[in-house]
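Please keep the sequence and the model in view while reading.

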Amino acid sequence: MIIFDSSTLILLAKIHLLDLFVLDFPGLVVIPEQVKMEVSAKDREEVPLILSLIKDKKIKVQKVKNKKELIKLMADFNIDLGETEAIAIAVNDKNNVLATDDRNAIRACKILKIDYVTSISILIRAFEKGLLEKEEALIKLQNLQLFGRFKKEIIEGATKQIRREA
């Protein structure tokens with residue numbers, strides 16, 4: 001199972017990779033209720049795609065019940081409620097993977113020993129699997145750089161990896 005936080009879900013939708021990923025992913029794709037609320041609260045171009053994937057049951061919305069755990073995670077790692085709910089779902093099963101680009105959520109994953117992926121690693125993996133051609137992957141990477149807050153070194157490393165794999 002892979003659990004998305006808001007930022008990574010939105011980034012993949014913005015670069016037109018979310019639907020390709022969800023349709024190719026062999027496991028369950030989950031978002032917490034809070035993430036659904038966060039992504040659908042604003043009138044953005046990617047919202048219809050995300051809501052359509054939810055409606056078509058390609059993305060499952062999951063409720064988090066343990067409010068005490070959420071409060072503790074938020075305080076311990078200085079993260080927002082969407083990331084907190086995603087981590088709370090992921091922490092319950094070691095086979096879960098969290099999709100996040102949030103620095104504090106990544107730090108929490110490392111401390112809590114939760115596997116995680118980023119939008120860039122998902123993009124690179126889609127390219128490696130042959131779901132994207134080299135030029136398409138590089139364009140999507142440029143778009144991630146525009147929409148996300150990635151260090152220059154991370155983008156350069158991903159660019160080299162895509163070019164090297166081709």
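Glu83 is part of helix α6, which covers residues 81–91; helices (H or I, at least four residues) and strands (E, at least two) are DSSP runs, numbered from the N terminus. The model is a predicted one, in which local features need pLDDT of at least 70 and side-chain atom pairs count only at pLDDT 80 or more, while totals for chains, interfaces and linings use all residues. Residues are numbered from 1 along each chain as its sequence is written, and side-chain values use heavy atoms, with hydrogens and water left out.

Glu83 has a relative accessible area of 8% and is therefore buried. Buried means under 20% relative accessible area, exposed over 50%, and partly exposed in between, with a 1.4 Å probe and protein chains only. Leaving out residues up to four places away in sequence, Glu83 touches Asp5, Asp102 and Ala105, where contact means heavy atoms within 4.5 Å. Leu20 stands 63 residues from Glu83 along the chain, and their C-alpha atoms are separated by 23 Å.

With 6% relative accessibility, Ser6 counts as buried. Its contacts, not counting residues up to four places away in sequence, are Val35, Glu38 and Val39.

The nonpolar interior comes next. In soluble globular proteins, nonpolar side chains tend to be buried together. A nonpolar core is a set of buried Ala, Val, Leu, Ile, Met, Phe, Trp, Tyr and Cys residues joined through side-chain atoms within 4.5 Å. The largest such core holds 36 residues, and the members that touch the most others are Phe4, Leu9, Leu17, Leu18, Ile59 and Ile120. Helix α8, residues 119–128, gives the most to this core, with six residues. A second, separate core has 17 residues, including Ile87, Leu98, Ala108 and Ile114. Apart from neighbours within four places in sequence, Ile59 is in contact with Leu9, Leu18, Val22, Val29, Ile31, Leu53 and Ile54.

How is helix α8 placed relative to the rest of the structure? Seven of its ten residues are buried, so helix α8 is largely enclosed by the rest of the structure. The buried residues are Ser119, Ile120, Ile122, Leu123, Ile124, Ala126 and Phe127. Just after α8, Gly130 adopts a positive phi of about 85 degrees.

Two residues other than glycine also have positive phi. His16, in the loop between α1 (6–14) and α2 (18–24), has a phi near 60 degrees. With a relative accessible area of 55%, His16 is exposed. Lys113 likewise has a positive phi of about 60 degrees, and its place is in the loop between α7 (103–112) and β5 (115–117). Lys113 counts as exposed, at 65% relative accessibility.

For the chain as a whole, the secondary structure comes to ten helices and five strands. Buried residues make up 44% of the 166 residues. Among contacts with a separation of 6 or more, 64% join residues 24 or more positions apart. The C-alpha trace spans about 45 × 35 × 30 Å along its principal axes. A compact globule of 166 residues would have a radius of gyration near 15 Å, and the chain agrees, with 15 Å; this radius is taken over C-alpha atoms, and the globule rule is 2.2 Å times the number of residues to the power 0.38.
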